[in-house]
Amino acid sequence: MKIVLAPDSFKESMTASQAVAALRDGVHAVWPDAECVGVPMADGGEGTVDAVVDALDGERITVDVTDPLGRPVRAKYGYIPDRRLAVIEMATASGLELVAPKDRDVLRASTFGVGQLMSSALDHGATELLIGLGGSATNDAGTGMLAALGATFADAHGVALPPGGAALAQLHHIDLAGLDPRLTDVRIRIASDVTAPLLGKSGASAVFGPQKGADADDVAVLDMALSRLVEVTEATLGRARPELPGAGAAGGLGFALLDFLGAECRPGVEVIAETVGLEQSLTGADWAFTGEGSVDAQTMLGKTPFGVVQAARRAGARVVIFAGRVAPDADVLLANGVDRLVAITAPGTPIEQALRDGPVALARAAAQVCRDLTSPTDLTSPARADS
């Protein structure tokens, strides 16, 4: 029996690697000789660095950078030396959780810290950058990131603009002469599930700005400012593509990465699966065990467990999804390639206890699934189960 263990993190309870360990404990409690292949997973959001570093035996590098408001903060990224691959979560430098609600200022929040992380990765010899977009506090269309890498954004008098998206309304000139030349030899991959364009009613400012503290007036200011950025970008590069899916991700950071740095943008779980070799690990597997903290109908829209489901089905393996919470509408997964949905926490369990006991509960649930597999029913029909 070969079982691939490919969970995402269970937020605030366990990392993806800890979830792999718990699943392995549960399987081996019933089948000591089972071949368990651990593949920590993520979808480009929180936990991406840890998942890839643990899967590929990399290292974590901590750097002093600036947060969205220009304050000092320590942020980490992952580095895989033998592949010269750096893995960056933009939120560790420019994330919403770094700024207290009372201090949030989306008009001047900057992605400068993301550029500092990228520069450090280049210093370490990276020739490939995998950047997870999500959880940003910013709406500067990546201009802060580009500034940290040597670009200059100036007004009509040649004066460098202050940080933030609102200042781009005064943009007159973009100077790329100082942009780090090492970027020309680097492959950049974006891991993001956001397909929004940069501008308009479905763009970065209108859709995500309010989540970062923008009111209706702020949204209008930011969208106008980013429109000006597009105009000057077109004059500078000879083209601008604000309509590209993903250009609006992370407050428009996707736009800068795509148009200025030639990045590739794909769904996060696909990028991570490719990076950690999920498809190869699934070769010859009988089962894939995956999961994350909460599973519902939205899981089918680019979340890690469903990405694992799709890969497992291509490999001919059956799938069990474990979660702390399995919403009623998650049953749609049972009609789309999932053999069993397993809630690892009993209904009514206090959230603090559920988070604390997550690894034990996951191991117990995995062991129960394995015992069920040895029964005459052998999970012959898709089912939902509680721990």
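Predicted model: local features only at pLDDT ≥ 70, side-chain atom pairs only at ≥ 80, totals over all residues.
Let me begin with S136, which sits in the loop between β6 (128–132) and α5 (143–148). Is this residue buried or exposed? With a relative accessible area of 6%, S136 counts as buried, because buried means under 20%. Its side chain is joined to that of K212 by a polar contact of 2.8 Å, and, if we leave aside neighbours within four places in sequence, the residues in contact with S136 include M90, S94, A250 and G251.

Now to the salt bridges, of which the count comes to 24. In one of them, D67 pairs with R71, and the closest N and O atoms are 2.8 Å apart; here D67 is buried at 5% relative accessibility, whereas R71 is partly exposed at 32%.

Another salt bridge brings together the side chains of D123 and R182, at 2.9 Å from N to O. Since D123 lies in helix α4 (residues 112–123) and R182 in the loop between β8 (173–175) and β9 (187–191), this pair ties together parts that are 59 residues apart in sequence. D123 is exposed, at 55% relative accessibility, while R182 is partly exposed, at 31%.

Which residue forms a salt bridge with E264? The partner is R187, with the closest N and O atoms 2.9 Å apart, and the pair links strand β10 (residues 264–266) to strand β9, across 77 residues. Both E264 and R187 belong to a network of salt bridges, which also takes in E128, R189, R266, E270 and E274.

Terms used
Residues numbered from 1 in each chain as written. Heavy atoms only, no water. Helix = DSSP H or I, 4+ residues; strand = E, 2+ residues; numbered from the N terminus. Buried < 20%, exposed > 50% of the residue type's maximum accessible area, 1.4 Å probe, protein only. Polar contact = N/O pair within 3.5 Å; in protein donor to acceptor, adjacent residues only side chain to side chain. Contact = heavy atoms within 4.5 Å. Salt bridge = Lys/Arg side-chain N within 4 Å of Asp/Glu carboxyl O.
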